[in-house]
Structure formats: structure tokens, C-alpha cells
Amino acid sequence: ELEVSEQISIQPEFLFIQKGYRQSSMFALLGETIEFDSKITLNYFEAPILVKIKFGESEETNFFLTVGPSFGYVINGVIGYEITTGGITDEQTEDIEFDDFDGFSRFELSGALGVGLNIPVGAGKFFAEARYLHGITNLNDEEFDDTTVNNRGFGLGFGFMASIGGE
């Protein structure tokens, strides 16, 4: 936390976050019911740069609000398929290569909004935060597909902050 004033600070972070989705569908083909499930898991390095606004005295329990951009980069990913036809299930899993033909953008810009609580304990503060992350970047990188894909998610964070040097 880089203090701008007693009530406002800048909070840069560096995080590992896992994002993904699951999609299921069922349809009939030539009188046979086919069930199709897919699951994509993407591992990100995420760097939010948040403005933190504190409400109340810093030496006492206080609430805070965080808001700002978050920059993400996908380091790897896995896609899994499960197809069931006539009671027989076939499963496949493969790594996403992130080359020119995979259809995924590796970079993501998101907006973050959080609310939390600081509780002074000894020489530091225990904190708890609930955060919403809304993807702005279209993750679909397919040239011929106009489908828009954005990440959205909620997170909970707990921790202890202590001053490094200075005070």
C-alpha cells in the first residue's frame, strides 16, 4: 500500500488467479441423444493497480473501498471435453497452445471493485476483502467468429499487512 493521504492509497498487487468456464449441451442426431460437456481452465498472472479509499481512523477498525484496473496474462490453460452417446462416454483433455490458431487472447484488461475491513492487530492489520472483477477485453481471438467472451468473477481475500521500514 503506497499512501497518498491518510484516507487514500495506491495498492499494486501481483497475483496468481485461475479462471475458466464449463459449458454443457444436449442434442439429438439421427435419433441418438448426444451430451457434450466442455471445461476450460486458464491460469493467469494478474496485476491489479487499485486506489484504496479508507473510511475511519487508521488506528481503529475501518472499512475500505478498492477500485482500479487489473492487467492479466494467461500463462497456460487446459481444455477438456466429455461426449456421451448411447451410454458411452469419451473424455479428452489437451493443453491450449496459445498460438495463432487457438482462438484465445493471452492478455486481459479488467476492472476491479472491492469492499473490505481492516482490523489493527499489534504492529499490523488483519484485512478481509470481497472483490468483483469484470473483464473488458474480448478473449475471443477468432477472426471469423464475432462472439464476445469476457471474464467475470468474485473473490474473497484475507491477510495480514505489516509496515516495511519507515514506521
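## Contacts and the model

Contact here means heavy atoms within 4.5 Å. With that in hand, let's start with one residue. Leaving aside neighbours within four places in sequence, Phe 98 is in contact with Leu 42, Val 74, Asn 76, Gly 77, Phe 104 and Arg 106.

Keep in mind that this is a predicted model, in which local features need pLDDT of at least 70 and side-chain atom pairs count only at pLDDT 80 or more, while totals for chains, interfaces and linings use all residues. Residues are numbered from 1 along each chain as its sequence is written, and side-chain values use heavy atoms, with hydrogens and water left out.

## Overall build

The protein has nine strands and zero helices (both are DSSP runs numbered from the N terminus: helices are H or I with at least four residues, strands are E with at least two). The radius of gyration is 21 Å, well over the 15 Å that the globule rule gives for 167 residues, so the protein is more spread out than a compact globule. That radius is taken over C-alpha atoms, and the globule rule is 2.2 Å times the number of residues to the power 0.38. Along its principal axes, the C-alpha trace spans about 70 × 35 × 25 Å.

Of the 167 residues, 29% count as buried (under 20% relative accessible area; exposed is over 50% and partly exposed lies in between, with a 1.4 Å probe and protein chains only). Among contacts between residues at least 6 apart in sequence, 61% join residues at least 24 apart.

## The nonpolar core

A nonpolar core is a set of buried Ala, Val, Leu, Ile, Met, Phe, Trp, Tyr and Cys residues joined through side-chain atoms within 4.5 Å. The largest one has eight residues: Ile 40, Leu 42, Tyr 44, Val 74, Ile 79, Ile 96, Phe 98 and Leu 139. Strands β4 (32-55) and β5 (62-85) each supply at least two residues of this core, and the largest share, three residues, comes from β4.

Is Asn 118 buried or exposed? At 0% relative accessibility, Asn 118 counts as buried. This residue sits in strand β7 (residues 107-121). Not counting residues up to four places away in sequence, Asn 118 touches several partners, including Lys 52, Glu 60, Phe 64 and Met 161.

Asn 138 lies in the loop between β8 (124-135) and β9 (152-162). With a relative accessible area of 31%, Asn 138 is partly exposed. Beyond residues up to four places away in sequence, Asn 138 touches Ser 105, Thr 147, Thr 148, Val 149 and Asn 150.
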